[in-house]
Amino acid sequence: MLSTLALAAAIQLPAQAQELVPGTRYDPDIPTLEEVAGHGFRDVVTPPDDVIRYMEALAAAAPERTHLIQYGESWEGRPLVVLVIGSAERMSRLEEVKAGIARLADPRGLSDEEAEALIAELPVVTALMHAIHGDEISPGGAAMAEAYHLLAATGDPDIDLILSESLVLIDPLENPDGRNRFVYQNQVAQARWPDEARVSAEHDPPWPGGRGNHYLFDLNRDLFIQSQVETRGKVDVLLEFRPHIVADLHEMGGDATYFFPPTAPPSNPWFGERQVALMDVFGEAIAARFDERGFAYFNRDVYDLFYPGYVDMWPMGYGALGMTYEQAGSGGLRLRQSDDDLLTYGDGVLHHFTAAIETALTSARNRERILRDYLAYLREGVELGERGPAEIVLHSAHDPGMAERLALMLVENGIEVFRASGPVSVGDRALSPESSFIVPLAQPAHRFIHNLLDAHVPMEEEFVRRQIERRANRQPDEIYDLTAWSQPLLWDVEAIETAATDARGAPLTTDDAAARPEVGDHPGEDGDSGAGGGSTAPLPEALVGYLVPWGTNGAAAVAEALREGVRVRAAGAEFTLNGRRFGVGTAIVRAAENGPDLRQRLAGIAARHRAEVVPIDDAYVREGMSLGSRRVRGLREPRVLLVYDAPGGSYSVGWARYVLERRYGQRTTAVRASSLGRARLSDFDVVVFPSGNYGSAVGDGLVDGLRAWLRDGGTLITMAESSRWASRAGLLATETERRGGRAESDDPPEPGTPEQPIEYLDAISPEDESPEGVPGAILRTLLDTEHWLTAGTDGEIGVLVQGSRVFRPITLDEGTNVGRYADLESLVLSGIVWEESRPQLANKAFLIHQPVGRGQVVAFAEDPNYRAYTEATQLLFMNAVLLGPGR
């Protein structure tokens, strides 16, 4: 029987609040989730609309302690919000507080006295980020519980300390589109009672599941490239509030427990020692709280601290401490684990809630230490830039637009970049100012700059040695993500370290970066006039017409021009006109073939895409191909079919669709693989098969149909695993290799009897294995610059290779190896490639062009659209789409 005091306490506590922290008293004026949405925090997987509605209700109930920011909308139009929580006094002067935070974040010119005053006054900023993967469901429930607890708990000294010493930012749903997809699919599949069996329909959602956003991207790998609208708004908030502690809440496999840092090795060498040491402070605090409540957990395993593109790792580049928290995922309301324990959605909500509140409390308790460590990291960055090379010059002579786009990407990440005011002297070279951008290294983001622009970021030697031993014993390596991501290598842009130049001009701004046209609608859609770009400078009248040099900006401009009905032709070879060399693919827009408004239309298109347009009054070529040559091909807007759905890999499908629709503005028809047989192939010029094994979806009859369509002029594009499938299906006249260079179709070698003493590892190796896998490295790739597929390139690029695909070069009677990996000595540009892999990869095919009748197969050995930041190979992909039809 309850005592009178206990009964009184219970009467004052909403039932769901008792589930969070026993004994806490809550303010009845702060609405519970049940009052707003009709269920408790741990009872139902709340749909995204109700999550936002609840955050709005909390902000309305406590306006003096909250500030609700809508930082954007998802691709599907759902709001993206952050709820800022702090004391009433601090929130009343939030702009002043943010100004102080910004001043501490840039210590250049900051005196010790000013720094001490800021540290004494400023709050520590803790960002709690949730549900970036839409099928990781408990973080969203925890976010609402955290906000409620921080606003409604009364008489709690821990909450009072959090509010007095910190600002807490809560992003409840980083990926509302993915969560909406999960909730819908889960509700459709639900039984009368929550089903615990992991094979049940409610635990087995159909392709593509809820992990990705609308374009099926893993948003947790998008932080520095910011290709997705969800990421751009989020980074804007991170740059506005400069959080010192960032926790990103996830889910993992259902048979695990709970993970929080310290992390597993390796650590990124550009992260600071103070940051890494601080992990133990948080780890010990959360462990003590979990021990108190009887929650199981683990640390220092699986999740590392190496790749800088995660939500929690991106802030590390600015001196914050980022941490990943992983809860075993129930995949629904209840899950029977393999050891027969029962895991519930409510368990996950409670565990995440507990870790998040303890994180905010630990931040508050260590406010001064955290701020001092943060300031020291940023000051060290400036000092490192003052001691070493002063600048990095980004330069691309063959595609200035690529250098500018890379510079703008850095600006979007809060990095200072300047235009060149004149020729840039680097050694004995004088670089053109139009194709050069200057990144000073004496700035707070010094380490982050190196992380993104260096050719190679090394892993710890002891960790790499352990992986070599594991692989020798056929154990999987412990590398969690890529080992290379150098943006200059993947964008085919030079990054040249140099002493200070005297050519630093105007700074690039966020307004410049925000004008990139691939975000939002494209011109011609729903009457939209376009997404911006620079001001529309008038083009001069031209007697003959205009040339658009091919490259990343030129290709995007041509895609829009074709969509808008402009008649465009493309050069099939090089030529020199009026003393300037123009490369393969150069677009030729003749005045006589277009209307009287061509000059105005082309000027607007060029401005939106920052494409160069060269007026010509004279078409008499004195060197190279004539502009009336048969090698000049008329282009038309290609009719593109993208194979969608299983068995295609969801990431590859999403990357391809994004690059087509958003990056280059190419209208695309997505057709489910199961419906491909119903499509009339003659209605399309290009068919794109994203990576996947289509053997189960494309039978012999459809393969025959594809062959006939190819002979009639179709362009088939395959990549990675779909290129392997095309080889097996007889559409591609080459094949992949097994380990040691044996063809995939060959019979396994006969086992022999060794006459000499055996090598142990050789003796235990299987007879028939896939090649040694590459854990995400960048390989030097040589291109045939006379081939139209390489338009806009300079003959050598970096290709991101991940996996164990090795394609034999195609023979000359079957086609052309347009791109091949370099020889053994110069093969690896960045990252880890195991010694056993290198000889088998050297000189093997990356990009194959195989004519078939009047059509062609274009096959990539890897995915050219990887994470939307392999810009150089994306251009090759779009060359196939835009230049391929009609050849």
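The structure is a predicted model, in which local features need pLDDT of at least 70 and side-chain atom pairs count only at pLDDT 80 or more, while totals for chains, interfaces and linings use all residues. Residues are numbered from 1 along each chain as its sequence is written, and side-chain values use heavy atoms, with hydrogens and water left out.

We begin with the aromatic rings. A pair of aromatic rings is described by the distance of the centres and the angle of the planes. Rings of Phe, Tyr and Trp (its six-membered ring) pair if their centres lie within 6.5 Å; planes under 30 degrees apart count as stacked, over 60 as edge-to-face and the rest as tilted. A search of the whole structure gives 34 aromatic pairs. One of them joins Tyr 307 and Trp 485, which form an edge-to-face pair because their ring centres are 5.5 Å apart and their planes stand at 85°. This pair links distant parts of the chain, 178 residues apart: Tyr 307 belongs to the loop between helix H12 (273–293) and strand E9 (321–328), and Trp 485 to the loop between helix H17 (461–472) and helix H18 (487–491). Helices (H or I, at least four residues) and strands (E, at least two) are DSSP runs, numbered from the N terminus. Both Tyr 307 and Trp 485 are buried. Buried means under 20% relative accessible area, exposed over 50%, and partly exposed in between (1.4 Å probe, protein chains only). Tyr 307 and Trp 485 also belong to a cluster linked by ring pairs, together with Phe 224, Phe 306, Tyr 310, Tyr 651, Trp 655, Tyr 866 and Tyr 869.

Rings can also have a charge over them. A charge sits over a ring if NZ of Lys or CZ of Arg is within 6 Å of the ring centre and within 35 degrees of the ring normal. Arg 504 is placed over the face of Phe 418, at 5.1 Å from the ring centre. Likewise, Arg 663 lies over the face of Tyr 664, at 4.5 Å from the ring centre.

The next topic is the packing of helices. Two packed helices are described by the angle between their axes and the distance between the axes. Axes are lines fitted to C-alpha atoms, for helices over the stretch in contact, and angles run from 0 to 180 degrees between N-to-C directions. Helix H20 (residues 552–563) packs against helix H27 (residues 871–883) at an angle of about 35°, and their axes are 10 Å apart. The contact is made by Thr 552, Ala 555 and Ala 559 of H20, and by Glu 871, Leu 875 and Leu 882 of H27. Contact means heavy atoms within 4.5 Å.

Pro 549 and Gly 583 are 34 residues apart in sequence, and their C-alpha atoms are 7.2 Å apart in space. Leaving aside neighbours within four places in sequence, Pro 549 is in contact with Gly 554, Arg 580, Phe 582, Thr 586, Glu 612 and Val 614.

The backbone deserves attention as well. The peptide bond from Pro 261 to Pro 262 is cis, with omega near 15°, and Pro 262 is placed in the loop between strand E8 (258–259) and H12. The bond from Pro 265 to Pro 266 is also cis, with omega near 5°, and Pro 266 is found in the loop between E8 and H12. Leu 216, a residue other than glycine, has a positive phi near 60°; this leucine is in the loop between helix H10 (176–189) and helix H11 (229–241). Leu 216 is buried, because its relative accessible area is 5%. Asp 645 has a positive phi near 80° and is found in the loop between strand E27 (640–644) and helix H22 (650–663). With 14% relative accessibility, Asp 645 counts as buried.

Two further residues complete the tour. Leu 68 is in strand E2 (residues 66–73) and counts as partly exposed, because its relative accessibility is 28%. Not counting residues up to four places away in sequence, Leu 68 touches Met 55, Glu 56, Ala 59, Val 81, Val 82 and Leu 83. Val 703 is found in helix H23 (residues 700–711) and is buried, with a relative accessible area of 5%. Not counting residues up to four places away in sequence, Val 703 touches Val 698, Ala 729 and Leu 731.
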